[in-house]
Each structure stands twice: as structure tokens, then as C-alpha cells.
Amino acid sequence: MCYDDDAKPPAPTAPITGTSASGIRLTSADGAVFAAYEARPDDVRGPGVVILPDLRGLHDFYKQLTVRLAEQGHPAIAIDYYGRTATDDERGEDFPFMEHVSKLGRETIQDDIMAAAERLGRPAVALGFCAGGRNAFLASAPRFGLAGVIGFYGAPGIVGPYGPGPTQHAAELGAPILGLFGGADEKITGEQVSEFGAALTEAGVAHELVTYPGAPHGFFDATAGEHEAACADAWQRVLAFLRGKN
């Protein structure tokens, strides 16, 4: 997982509107009901955002992030992955998420993304972290109808039991991509990022891939003071990307 219970999304930008937020439940294409958290701005200024968490699912970091985005005028919904397998919605430090990971399927995750995007309306952008970043990149495929996708430290290549990734599927992608990576991320090498960029270029997919030297996996965290500059820059790039998708 990327974040512990003390992690907080950076908030270097002053709010431009009031917000309201609450937990909701969404229904996926297979009829499964899953938890989500929604924040709505009083004054909508840009596209909605579907937030795809790391493998721990819908924990507090991502709920806070929906509010940070709504404060900038973007309706946002963070989704949970485990409505089909977990008995409750608790995703704290004690949640045994690895017991559920093997039961996840790419198709059901993608259906859940589309359910959230449909609630938000169009235009919408997917924003994911770690495994969620990988799934955000894959949601660039035209069938999702997204205006763009943003992935923080999403593994782009072939990964263990999950098989081929966005690099291998680049020819199937279409929506613009913003990828944000840590230069000291032990899980994702510079070579993997370069291969992803080359595949996207060959496929004609508009993209920007940014690597922050010395930043680790999970650097987008206000409690990681030594990476404050990378956090702030990544946040500004996210907001700029969203402004371009109105």
C-alpha cells in the first residue's frame, strides 16, 4: 500500500469554493454494490474525477483527496475495490487487504470505474495511485469515454500475476495521460517509465511522464516533509491537467 493512516494529501492551493462530502454506494455492471466517497463543489469549475486508491482500498487519504479536489471545483468520487469480498467497509490499518487482492479482476475494477464516471457525468478524469495508477492508465482506452487519466506511481509494465500492463496495451489507449513517478521508487524503474513513454509515442497517445529525482513510492503525502517540493509540483500538474479537460 502507498499510505498509512497518518498520510494526508497535499493542500498547497487555497480553496476556491465550498464543498459537501459523504459516503455513498454505487452499483456496478454485475450488480455488485460497493462503497465510495463523494465530494461535490458548490461551484463546479471543471471535470469530475474518479479516484482509484492503492490496494488497501477506500481509506481516509483518498476521502480527504476528494475534498481537496472539490475545493478546486472538481466533483470527485473515490471508490473501494472490495464490495464483492469484504464484510464491511472498514479499511484501516488492520484491514487484511492482501486476502482480497487475489479476488480482484481487471474487468470488475473497470466496471466500477465506469459506474463512478457515470455518476459524475462527463467530462471525467481518472486519477489513480499505485495499483490504482496502473488501472487509471488502462482506463485511457476509448471505451471508458474519459477526458484523460492521471497515474501516480502506477506500474506500467508486466507485473507478476497481473500480466501485461499499460505499456503492452498502449495501442489500445487513447485519452491523454499524465504519469507521475518517483525517481527513487524501488518498484518502478526509470527504464520502465521510458518504455511506457516510447510505447505511448508509437501509439500516438498524448502523454506527459514526470519523474521526481530522489522521491520514493508514495511521495504525494503532506506528512513526508522532505518531499514537499515534489508534492507541490505534482499537485499543480494535476490541477493544470484537469483545467485542460473542461
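This is a predicted model: local features need pLDDT of at least 70, side-chain atom pairs count only at pLDDT 80 or more; totals for chains, interfaces and linings use all residues.
Student: What share of the contacts with a separation of 6 or more joins residues 24 or more positions apart?
Tutor: Start with burial. Buried residues make up 56% of the 246 residues. Now take the contacts with a separation of 6 or more: the share from residues 24 or more positions apart is 73%.

Student: Which helix gives the most to the lining of the largest pocket?
Tutor: The pocket has a volume of about 530 Å³. Its lining has 29 residues, and Ala131 and Arg134 are among those nearest its centre. Helices α2 (98-101), α3 (106-120) and α4 (131-138) each supply at least two lining residues. The one that gives the most, with 5 residues, is α4.

Student: How many residues of that lining are nonpolar, polar and charged?
Tutor: Leu55, Val159 and Tyr162 are also among the lining residues nearest the centre of the largest pocket. Now divide the lining of the pocket by class. It holds 19 nonpolar, 6 polar and 4 charged.

Student: How many of the 8 residues of α4 are buried?
Tutor: The buried residues of α4 are Ala131, Gly132, Gly133, Arg134, Asn135, Ala136, Phe137 and Leu138. Their cover includes β3 (48-52), α3, β5 (124-129), β6 (148-152), β7 (177-182) and α5 (190-203). Helix α4 is therefore largely enclosed by the rest of the structure, and its buried count is 8 of the 8.

Student: Is His100 buried or exposed?
Tutor: His100 sits in helix α2. Leaving out residues up to four places away in sequence, it touches Tyr82, Thr85, Ala86 and Phe95. Ala86 is 14 residues from His100 in sequence, and 7.5 Å away, C-alpha to C-alpha. With a relative accessible area of 9%, His100 is buried.

Student: How far apart in space are Pro41 and Ile16, C-alpha to C-alpha?
Tutor: Pro41 belongs to strand β2 (residues 33-41). It is buried, with a relative accessible area of 9%. Beyond four places in sequence, its contacts include Thr17, Gly18 and Ala70. Pro41 and Ile16 are 25 residues apart in sequence, and their distance in space is 9.2 Å.

Student: Where is Pro123 found?
Tutor: Most peptide bonds are trans. The bond from Arg122 to Pro123 is cis, with omega near 0 degrees. Pro123 is found in the loop between α3 and β5.

Student: What is the phi of Cys130?
Tutor: Cys130 lies in the loop between β5 and α4. It is buried, with a relative accessible area of 16%. Most residues other than glycine have a negative phi. Cys130 is not a glycine, yet its phi is positive, about 60 degrees.

Student: What is the relative accessible area of Tyr153?
Tutor: Tyr153 is in the loop between β6 and β7. It is not a glycine, but it has a positive phi of about 40 degrees. Buried means under 20%. Tyr153 is buried, because its relative accessible area is 1%.

Notes
Residues are numbered from 1 along each chain as its sequence is written. Side-chain values use heavy atoms; hydrogens and water are left out. On a 1 Å grid over the protein atoms alone, a cavity is a set of points where a 1.4 Å probe fits but cannot get out, and a pocket is an open set with protein on both sides within 12 Å along at least five of seven lines; lining residues have an atom within 4 Å of a point. Grid points are joined across faces, edges and corners, and a volume is the space filled by probe spheres set on the points. Helices (H or I, at least four residues) and strands (E, at least two) are DSSP runs, numbered from the N terminus. Ala, Val, Leu, Ile, Met, Phe, Trp, Tyr, Cys and Pro count as nonpolar, Asp, Glu, Lys and Arg as charged, and the others, Gly among them, as polar. Buried means under 20% relative accessible area, exposed over 50%, partly exposed in between (1.4 Å probe, protein chains only). Contact means heavy atoms within 4.5 Å.
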